[in-house]
Every structure is written in C-alpha cells, then in structure tokens.
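The exercises below concern one protein chain. Each gives a task and then a solution in steps.

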Amino acid sequence: MGFGARGEAGITAYDTLELGWYHYTNELQTVTAVGVATLPSDDIVVGYHRLVPLSYAVSLYYDYRGHANLPTENWFGGSVDLYLTDWLRWFGGYRQAWGAFQYDGRLIRTGLSATIAPSWEVTGTAYDSAQAIFNNYQNLWTGVIDLTYYGPRNLLLTGGVGYSPLIDNLDLHARAILPVTDRIALQLIAAHNSVNADTRVTAGLRFTW
C-alpha cells in the first residue's frame, strides 16, 4: 500500500521539470522487465525533459529510493527519442543504480514505436539488465510489446506483455488515464509478474492546469 504525488512544470514550450514523491508501507521485492527491485519506503524523483514534437526528445532523471531496513539506493538515467518519420520513432535509454551490492547494476533499453492507425500506436522494446544480485551481473534479456490508444480529452489506454526467457517470467501490464473533467483525470495502473506471482494495482488523480 502506498500514496504520493507527481508533478510536471513547463518552463519553456519544449522544456519540462518533473518532481515526484511516493511512500509505501511494505518493501516488497519483485522481478520485472527492468530486473530485481525492492519497493522503497520513500521514492523521490527529479527529472528534466525536452520535447521537440516530431523531431526528438531527451530526458534526464535522478531517483532517490530510501528504505526503512535496507541501505539507500540511487538511480540515475536518461533517454533519447528520435522521430525517423512522422509515424516511426526510435528510442533508447540507460539507467545506472548504486548504493549497496544488491542494487548495483545497469539497465539498457531500445526499441521502435509506430503509429499503425489514427490514435493507435504499437511499441516493441528490448531490455538488457545486469545486476550484482542477479548471478553476478548475468544479463537478463526481456522483450515487451505494447499497444496504446490516444483518445479525446487526453484519454490514454495502454497495455502490453513482456517475457524474460532466462527466468521464465511473464509480465502483464496496463495503464489508463480516464478524463473526469477537462483538467482532472483518473489514473489506473496494474501489473502482474508470473515468476513471483506479484500483482500491483495503483489508482490516483491526475491534475492539469
């Protein structure tokens, strides 16, 4: 169980700053498409994003993950998106984690996203994760396919499936942003991992002003 908030502030037409804080009552460990992770007691994220529509996007972020009974962990990462055409986008990213042996590792991701019909987008992503805790930095490969629908009034529906053959993990995930008014939306997130029968559901409100 947890609660928190995340906000973004536009500083120019292309540049955005992000700040988020979340608190969780249980520090659950899970294996996902990005490797082994323990849910933190307090999660603070600071990020910078630059988006030039139909051209490119760049993001940088720092994630502080504090634990009640474990050492503090830190994540630093970034990503790049390049629009190859007005309907095809390539993206890639890198994340480094540190703080204690069980956290040390890195995540590389890359993929393509294509608009297949008005308001519909399909995305294929490949992840390569290596962590000290996972067989001494053994590579964990994961492939993920997602389908996204962009509707009126900023409606968003997305869902997908991922598979990690080395650990035989099936990752099912879905997200919905459902407009309530022109400035308020309900956000729902659900995910399930078969390797440890871990299921999580998050609900919250999204405000735009």
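**Exercise 1. The nonpolar patch**

Which residues form a nonpolar patch on the surface, and what accessible area do they have together?

Some conventions come before the solution. The model is predicted, so local features need pLDDT of at least 70 and side-chain atom pairs count only at pLDDT 80 or more, while totals for chains, interfaces and linings use all residues. Residues are numbered from 1 along each chain as its sequence is written, and side-chain values use heavy atoms, with hydrogens and water left out.

Step 1. Apply the criterion: patches are made of residues with over 30% relative accessible area and no salt bridge, like charges being joined within 9 Å and nonpolar side chains (Val, Leu, Ile, Met, Phe, Trp, Tyr) within 5 Å. Areas come from the Shrake-Rupley method with a 1.4 Å probe, and for residues only the protein chains shown count as cover.

Step 2. The patch consists of Phe3, Leu19, Trp21, Ile44, Val46, Leu60, Tyr62, Tyr64, Phe76 and Trp98, with about 920 Å² of accessible area together.

Step 3. Assign the elements. Strands (E, at least two residues) and helices (H or I, at least four) are DSSP runs, numbered from the N terminus. Two or more patch residues come from each of β2 (15–24), β5 (42–52) and β6. Strand β6 gives the largest share, 3 residues.

Step 4. Check one member. Valine 46 is in strand β5 and is partly exposed because its relative accessibility is 42%. The classes are buried (under 20% relative accessible area), exposed (over 50%) and partly exposed in between (1.4 Å probe, protein chains only).

**Exercise 2. Serine 59**

Describe the surroundings of serine 59.

Step 1. Serine 59 lies in strand β6, residues 56–66. At a relative accessible area of 16%, serine 59 is buried.

Step 2. Contact means heavy atoms within 4.5 Å. Leaving out residues up to four places away in sequence, serine 59 touches Tyr48, His49, Gly77, Gly78 and Ser79.

Step 3. The side chains of serine 59 and histidine 49 make a polar contact at 2.7 Å. Such a contact is a pair of N or O atoms within 3.5 Å; within protein, one must be able to donate a hydrogen and the other to accept it, and residues adjacent in sequence count only if both atoms are side-chain atoms.

**Exercise 3. Salt bridges**

How many salt bridges does a search of the whole structure find?

Step 1. The criterion is a side-chain nitrogen of Lys or Arg within 4 Å of a carboxyl oxygen of Asp or Glu. The search finds 11.

Step 2. Arginine 50 pairs with aspartate 15, with the closest N and O atoms 2.9 Å apart. Arginine 50 is in strand β5 and aspartate 15 in strand β2, so the pair ties together parts that are 35 residues apart in sequence. Arginine 50 is partly exposed at 25%, whereas aspartate 15 is buried at 9%.

Step 3. For arginine 65 and aspartate 43, the closest N and O atoms are 3.5 Å apart. Arginine 65 belongs to strand β6 and aspartate 43 to strand β5, so parts that are 22 residues apart in sequence are tied together. Both arginine 65 and aspartate 43 are buried.

Step 4. Asp43, Asp63, Arg65 and Glu73 are linked in a salt-bridge network.

**Exercise 4. The whole protein**

How many helices and strands are there in the protein?

Step 1. The protein has 0 helices and 15 strands.

Step 2. Buried residues account for 35% of the 209 residues.
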